[in-house]
Amino acid sequence: GADVFVIEPAEPYTSSDLNWTDENSRVVQEYEDESLRDVELVTAEVPDWESYDTVLIGYPIWWGIAAWPVSSFVSANDFSGKTVIPFCTSSSSGLGQSGELLEEAAGSGTWLEGMRFSSSVSGSDVAEWVGEVLR
């Protein structure tokens, strides 16, 4: 029932771009050269952003941190006065420092501890977690 904003890279990632086992893939190149991780987005402007007091930010884990487009979104927005709850998906990595690194990139807001979900998580488990964090 929440409003959803999709973080879209200006240059979308293809399946081959995301192939982390190919040393020539886009994500591997970006992983190896941090200067390539400042991913331009279609837009980082959320309609009516100032009206939100709680923001959940979901993302995949790439090499133990949030996917770079998420960092671009966080850096481009002012989270002052907002409670931010990160959550991620990962087949093998945990949440790691991804939430703390996003909080650092944001420089504002009250960031809560996040949650990592595996690929086998059920919809009811996610709904239960959301219900708990939004109390």
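1. Contact is taken here to mean heavy atoms within 4.5 Å. Leaving aside neighbours within four places in sequence, Ala-44 is in contact with Phe-5, Phe-73, Ala-76 and Asn-77. The structure is a predicted model, in which local features need pLDDT of at least 70 and side-chain atom pairs count only at pLDDT 80 or more, whereas totals for chains, interfaces and linings use all residues. Residues are numbered from 1 along each chain as its sequence is written, and side-chain values use heavy atoms, with hydrogens and water left out.

2. Ala-44 lies in the loop between helix H1 (26-32) and S1; helices (H or I, at least four residues) and strands (E, at least two) are DSSP runs, numbered from the N terminus. With a relative accessible area of 17%, Ala-44 is buried. Buried means under 20% relative accessible area, exposed means over 50%, and partly exposed lies in between (1.4 Å probe, protein chains only). Ala-44 and Phe-5 are 39 residues apart along the chain, and their C-alpha atoms are separated by 9.2 Å.

3. Phe-73 also has Ala-44 among its contacts, with neighbours within four places in sequence left aside; the others are Phe-5, Ile-7, Leu-41, Val-46, Trp-49, Ile-57 and Phe-79. Phe-73 is one of the residues with the most contacts inside the largest nonpolar core, which has 25 residues; Ile-57, Tyr-59, Val-70, Val-74, Phe-79 and Trp-111 are the others. A nonpolar core is a set of buried Ala, Val, Leu, Ile, Met, Phe, Trp, Tyr and Cys residues joined through side-chain atoms within 4.5 Å. The elements giving two or more residues to this core are S1, H2, strand S3 (83-89) and helix H3 (98-106). S1 gives the most, with five residues. In soluble globular proteins, nonpolar side chains tend to be buried together.

4. Ser-72 is found in helix H2 (residues 68-75). Ser-72 counts as buried, at 11% relative accessibility. Apart from its neighbours within four places in sequence, Ser-72 is in contact with Arg-37, Asp-38, Val-39 and Leu-41.

5. The count of salt bridges comes to three, a salt bridge being a side-chain nitrogen of Lys or Arg within 4 Å of a carboxyl oxygen of Asp or Glu. Glu-11 pairs with Arg-26 in one of them, the closest N and O atoms being 3.8 Å apart. Glu-11 lies in the segment before H1 and Arg-26 in helix H1, so this pair ties together parts that are 15 residues apart in sequence. Asp-17 likewise forms a salt bridge with Arg-26, with the closest N and O atoms 3.8 Å apart. Asp-17 is buried, with a relative accessible area of 16%, and Arg-26 counts as buried at 14%.

6. The side chains of Arg-26 and Glu-30 also meet in a salt bridge (3.0 Å, N to O). Both residues lie in helix H1, four residues apart, about one turn of the helix. Salt bridges that share partners join Glu-11, Asp-17, Arg-26 and Glu-30 into one network.

7. On the surface, Trp-20, Tyr-31 and Trp-63 form a nonpolar patch with about 370 Å² of accessible area together. Accessible areas come from the Shrake-Rupley method with a 1.4 Å probe, and for residues only the protein chains shown count as cover. Patches are made of residues with over 30% relative accessible area and no salt bridge, like charges being joined within 9 Å and nonpolar side chains (Val, Leu, Ile, Met, Phe, Trp, Tyr) within 5 Å. Trp-63 is found in the loop between strand S1 (54-62) and strand S2 (65-66), and is partly exposed, with a relative accessible area of 34%.
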